[in-house]
Every structure is written in C-alpha cells, then in structure tokens.
Amino acid sequence: MKRIFLVEDDKTIAKNLILLLRSEGFTVTHSATRSEAIATLEGNKFDLALIDISLPDGNGFTICTEIKETHDIPVIFLTASGDEASVVTGLNMGADDYITKPFRPRELIARIGTALRKCGRLESDFEIQGLHVDITSGVVKKNGNEVFLSALEYRLLLVFISNPKSIITRGRLLDELWDAAGEFVNDNTLTVYIKRLREKIENDSANPQIILTVRGTGYRLGEDYASK
C-alpha cells in the first residue's frame, strides 16, 4: 500500500483529498502547517508528497527541499492559482509536477500514478492472457506482437491494470475518459471504446477473459494477471 504525505491547511480540501486517496488504496498522513510537516517527516517514510504551496506559517517550497534532501520521493504541488512564478520556482526546487485548484479528482489520481511510475514506485510491467503492457514505455503487445491503441483506449486499459482487484463502475470509467479527452464522453461512447479495446487485446472478443463484465455494475480485470 503506497503512502501519501499530504500537506494542506484547508480543512475541507484536506478531508476530501484524504477520502479520495484512501478510496484509491493509499495510506494518507496529513499535516496542516509547514512546521507540522517538517516534524512529521522525521521518522516516517512516504512514497509521494502532495504539498500546498500557500501555508499559514510559510510555503511549501521549504518542505519540498527537505523532502528531496532526506526522502527523495516525488513531490506534487497543489496551487490555488496558475501563478507561473510559483510553478517555475517549485519545479526548479525539484518538484515533479503541480496541479492547479480546483482540479478533477481523477486527474489528480492519474498524476499521482504517473509520478510513482516515473520513480519506480509502481510496477512497470503487467501481463495477462498473453497481453503484455510496458507502462514505462507505453508499449502494448499481444502474444509478442505490438498492439496499437488510441490514447483513450490505452487510458482505459491503464485504469484496469492499475486496479486489478477492483470492480470499476461505468461512472468511474466515464470520469477517467473525460479527463483524458478533455471533453464529455457519454455512456454510449464508453460502450464503443470497451468493444474496440476488447477487439484488440482479447483472444476472442465475444468471450472476453481480460476485461470482464460485471452485470449491473461495470467491469473488472480477469484473474490471471502478473505485475512486476
């Protein structure tokens, strides 16, 4: 279970983020101030930090510096504005990414996943039913032959292999595709994308073994998978 260190002084935002992250299977430790965050870093280990730039007793830049010196984990800044100077400062100090409030929950989860994969804290290879996905390079192969997926088809596949033990509702998949496409994706479109993806990755798309339908709920990944 990956451990997230959240530094956010807004109680409502912090509460919602903690619920979101825990629902995605993360363990969350929260600090509301710069001084509390520095103290929390001592004696604790984390896999990624989400840090608000504006804090009541300073800013998140000093926390980022401390993390990079002592923990060397990915840092994603949360900023209330698209202030270019703050963003540039954060990235120059070693931050791995930033996201501007308000943001879509699914976009944040996607950014966290990307940051964890880049630093090797998430599995980078996935195999199921002759399908091999190299998440680092984005290459997908079926029985040794490369499969070419559209950006949305690949995003859809990533949702399943990132949540191999979960039932993924159609509502969540719609949110994921909407984030990736930057435009509204309706229920009929989702059905089309599932069909197209199955045609490319299943041995028999009429009898799928990789992406299984859970009637009345959504879909889930088949059981015969391995990640490393």
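In this predicted model, Thr-169 has Gly-218 of β14 as its bridge partner. The two strands β12 and β14 (residues 218-221) run antiparallel and are joined by three bridges.

They belong to an open sheet of three strands, with antiparallel pairing and the order β12-β14-β13. β12 (167-169) and β13 (211-214) are the edge strands: each has a single partner strand, so one side of each has no neighbour in the sheet. From one strand to the next, the twist averages 35°.

| Helix | Residues | Lies across | Angle |
|---|---|---|---|
| α6 | 151-162 | β12, β13 and β14 | about 65° to β14 |
| α8 | 187-201 | β13 and β14 | about 140° to β13 |

How do the two helices stand to each other? The axes of α6 and α8 come within 10 Å and cross at roughly 85°. Angles of 65 to 115 degrees count as roughly perpendicular, so α6 is roughly perpendicular to α8.

Which residues make the contact between the helices? On the α6 side they are Leu-152, Glu-153, Leu-156, Leu-157 and Phe-160. On the α8 side they are Leu-190, Tyr-193, Ile-194, Arg-196, Leu-197, Lys-200 and Ile-201. Sorted by type, the residues of this contact of α6 with α8 comprise nine nonpolar and three charged, with no polar ones.

Conventions: Residues numbered from 1 in each chain as written. Predicted model: local features only at pLDDT ≥ 70, side-chain atom pairs only at ≥ 80, totals over all residues. Heavy atoms only, no water. Pairing = 2+ DSSP bridges. Helix = DSSP H or I, 4+ residues; strand = E, 2+ residues; numbered from the N terminus. Axes fitted to C-alpha atoms, helices over the stretch in contact; angles between N-to-C directions. Contact = heavy atoms within 4.5 Å. Parallel < 35°, antiparallel > 145°, perpendicular 65-115°, else oblique. Nonpolar A, V, L, I, M, F, W, Y, C, P; charged D, E, K, R; others polar.
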